Amino acid sequence: MTRPSRYDILFEPLRIGPVTAKNRFFQVPHCNGMGRAFPSSMAAMRGVKAEGGWGVICTEQCDVHYSGNHQRELRLWDEKDIPYLARATGLIHEQGALAGVELVHNGSHVGNLESRAIPIAPSLRPTRGVFPATARAMDKNDIRAARRWYRTAAINARRAGFDIIYVYAGHDMTLPIHFLSRRHNHRTDEYGGSLENRARFLRELVEDAKEAVGDTCAVAIRFGVDGLMGAGGDEDEGRDVVEMLAELPDLWDVNLSNFDYDGSTSRFSDEGYQEQYIKFVKSVTSKPVVGVGRFTSPDTMVSMIKGGTLDFIGAARPSIADPFLPHKIEEGRFDDIRECIGCNICVAGDRAGVPMRCTQNPTMGEEWRRGWHPEHIPPKDTDDTVLIIGAGPAGLEAARALGQRGYSVMLADRSRELGGRVNRECRLPGLGTWARVRDWRLTQLRKMPGVQLLPDNEITGDMVLEAESSLIAIATGATWRADGVGRYHSDPIAGLGRIPVFTPDDIMDSRLPTGRVVLFDDDHYYMGSVIAERLVEHGCEVTFVTPESTVSAYTQFTAEQKRVQRRVMEKCANVRTATALRRTEAGTAHLSCVYTGRETTVPADAVVVVTGSTPRDELYTDLQGRDESALTAAGIRRVVRLGDCLAPGIIAAAVHSGHLFARTLNTALTDRTPFRRENVELGWDQPLPATGDDPLTPSGVFG
Ligand code: ADP
Ligand code: SF4
């Protein structure tokens, strides 16, 4: 396949200071939960992306010093940290890509939980760390020292093989942005006051890096250009900063501050959502500009370049969902692009401190530890034929990956429309993009001669025995509970028989209540809030009740919580946090405070319970109840459950479950750990660093 020539512009090489990127696909820095705790996983993940055709691959943030210590990300405190970073740059260079490193000191954003150094900041300020702590104001010695740490890290980064050295001044969480910000910087010396003074530290860091490594490495600034600091924000100087430092760096990587806006989900923003904020940058600098906006459409990418908004197409999430996106565009394989759905489950993995996962790409984070590749999969190595029942995300992914392996597969679903829960959930407010989970897989499946799609087929136990398949995978999903059992209540809520009760399944099947509705959200992810929106659209007066202290508490991990809460507060008549639905009777819901037990009542014509789900596993139970010899006689050697039918969860878990089955033909827990682990090098015999004066630190009177 060849690509139309209008996309050629995406494959033009482009200079960044002293280095040249082979094309305009630029994987901007992104966290991934692997960092220095899982260094081989991190390196392999970056290497796979380089293989997928990205011209530039950057690391996540990388601490320059132990006094700005983010315990989960990368670090380059001294030369001891070079080898694991060099592993990543080596893999990146093997594919002809450039490697960038995002150097950072997190200032008052972190509490230095690991190093226990007192955090530092331009001005005295409480930190955002886990333990209550205050960052002390930096004196001139500290500023000189910080410049030295950045400079040393830049030199060590070059030794590790990096081609682009970032000075990270974004997302309201680094020392340079804290110096720039009036909210953080109350200094009265030459580093405070006027914008020119507040920009001095950033300017010096860039100049130092250029002086140290600028002959061979490009030096980039990553900067949040807008004033969208969330509630309470007051910055309005983004444009002034870019104008002031316009020609200083070799590259501008521009985005929105804070991360909730930069990494906005598809529920709140569409592809290209940052354009209106970053468009001015190219008009004030001659240096190349990279920006993001969940770009997955090659036409949008071309329009960003031709329209003068960007020089490089930046991507974090699109490169996670499809590490091979550039190659697919290059080869004109547009319908093979596995588009990011904008759900931020990747962000949630990182925030939870574990290797990230991706809803669309089940191999993400598994590249090294399981040896999974996003595009290649070993060919079939058994004579099995497979019947999969249920074409939700688990069944679709299992069928797709088995088909790719060359297995003969039948995929049956009782519904006329394949896609399972995704079909229903993508019709809820703001979740339309989630249909991509279904669409990409159906597109692939329709190209596979070995896979038979059987919609409109209710499968029974007897039919399974007649199917002449040796592997039976039951991916029949789950049903939302109507009894209120979930995280808070381990027994059914009393009195539900006396009032109309609805579940998310009812709402998604267009069985909606009317009048005054109490919605009890004990799920804490997206479902409660989108169901509330749907009910309000329908004309219901909704009281939103949750035992958590915030609305949709889990969405703090997907960087959406504040916006979800705002939306629910704006739409619902009443929001009751830290409150449980205790019991109901006709016309009334009894609520109780989760701390004091104090009861209140709310008039209610109906309740909607968003609590837990139960697997739809009748077919599995039916087959399990049969004589094993009947199964053997039918040629069946294994029956497994996949996805929500095994245990209800998020869509990413269902996709992973389907993929795991396709790779292993099993779902059983094994006695031996089925993936590689990285054990930390034992440092027991290392000599302690000398105490007293550090020969690297110029001594002064004040410490
Ligand atoms: P998962 O998230 O685990 O993939 P879903 O709930 O999305 O699960 O999908 C389950 C699918 O299984 C639904 O499309 C449903 O119609 C289908 N299904 C359930 N029971 C049967 C059955 N007995 N025969 C065929 N299809 C079934
Ligand atoms: Fe995109 Fe969701 Fe995958 Fe993140 S987890 S890359 S947002 S599909």
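Glu599 and Arg583 pair up through their side chains in a salt bridge, with N to O at 3.9 Å. That pair ties together distant parts of the chain, since Glu599 sits in strand E26 (residues 599-603) and Arg583 in strand E24 (residues 579-585), 16 residues apart. Keep in mind that this is a predicted model. Here's a quick tour of its salt bridges, its ligand site and a couple of spots in loops.

**Salt bridges**
- The overall count comes to 62 salt bridges.
- Back at the opening pair, Glu599 is partly exposed, with a relative accessible area of 41%, and Arg583 counts as partly exposed too, at 35%.
- One network, held together by salt bridges that share partners, takes in Asp322, Lys328, Glu331, Arg333, Asp335, Asp336, Glu375 and Lys447.
- Arg487 and Asp523 make a salt bridge at 4.0 Å, N to O.
- This pair also links distant parts of the chain, 36 residues apart: Arg487 is in the loop between strand E19 (478-480) and strand E20 (501-502), while Asp523 is in the loop between strand E21 (516-521) and helix H20 (526-537).
- Arg487 counts as exposed because its relative accessibility is 57%, whereas Asp523 is buried at 16%.
- Asp81 meets Arg75 in a salt bridge of 3.4 Å, N to O, and Asp81 counts as buried because its relative accessibility is 8%.

**Around ligand 1**
- There are 19 residues around ligand 1, and the ones that come nearest are Ala394, Asp413, Arg414, Arg421 and Asp644.
- By type, the shell splits into seven nonpolar, seven polar and five charged residues.
- Asp413 puts a polar side-chain atom 2.6 Å from an oxygen atom of ligand 1.
- On its own, ligand 1 has 590 Å² of accessible area, and the protein covers 93% of that.
- Helix H15 (393-405) and helix H24 (643-646) are the elements that give two or more residues to this shell.

**Two loop spots**
- Thr363 belongs to the loop between helix H14 (345-351) and strand E15 (385-389), and this residue is buried, with a relative accessible area of 2%.
- Val130 is in the loop between strand E8 (125-126) and strand E9 (134-137), and counts as exposed because its relative accessibility is 67%.
- Together with Leu113 and Phe131, Val130 forms a nonpolar surface patch with about 310 Å² of accessible area.

Note on methods. Residues are numbered from 1 along each chain as its sequence is written. Chains are lettered from A and ligands numbered from 1 in the order in which they are written. This is a predicted model: local features need pLDDT of at least 70, side-chain atom pairs count only at pLDDT 80 or more; totals for chains, interfaces and linings use all residues. Side-chain values use heavy atoms; hydrogens and water are left out. Patches are made of residues with over 30% relative accessible area and no salt bridge: like charges are joined within 9 Å, nonpolar side chains (Val, Leu, Ile, Met, Phe, Trp, Tyr) within 5 Å. Accessible areas come from the Shrake-Rupley method with a 1.4 Å probe; for residues, only the protein chains shown count as cover. Helices (H or I, at least four residues) and strands (E, at least two) are DSSP runs, numbered from the N terminus. Buried means under 20% relative accessible area, exposed over 50%, partly exposed in between (1.4 Å probe, protein chains only). A residue is near a molecule or strand if one of its heavy atoms lies within 4 Å of it. A polar contact is a pair of N or O atoms within 3.5 Å; within protein, one must be able to donate a hydrogen and the other to accept it, and residues adjacent in sequence count only if both atoms are side-chain atoms. Ala, Val, Leu, Ile, Met, Phe, Trp, Tyr, Cys and Pro count as nonpolar, Asp, Glu, Lys and Arg as charged, and the others, Gly among them, as polar.
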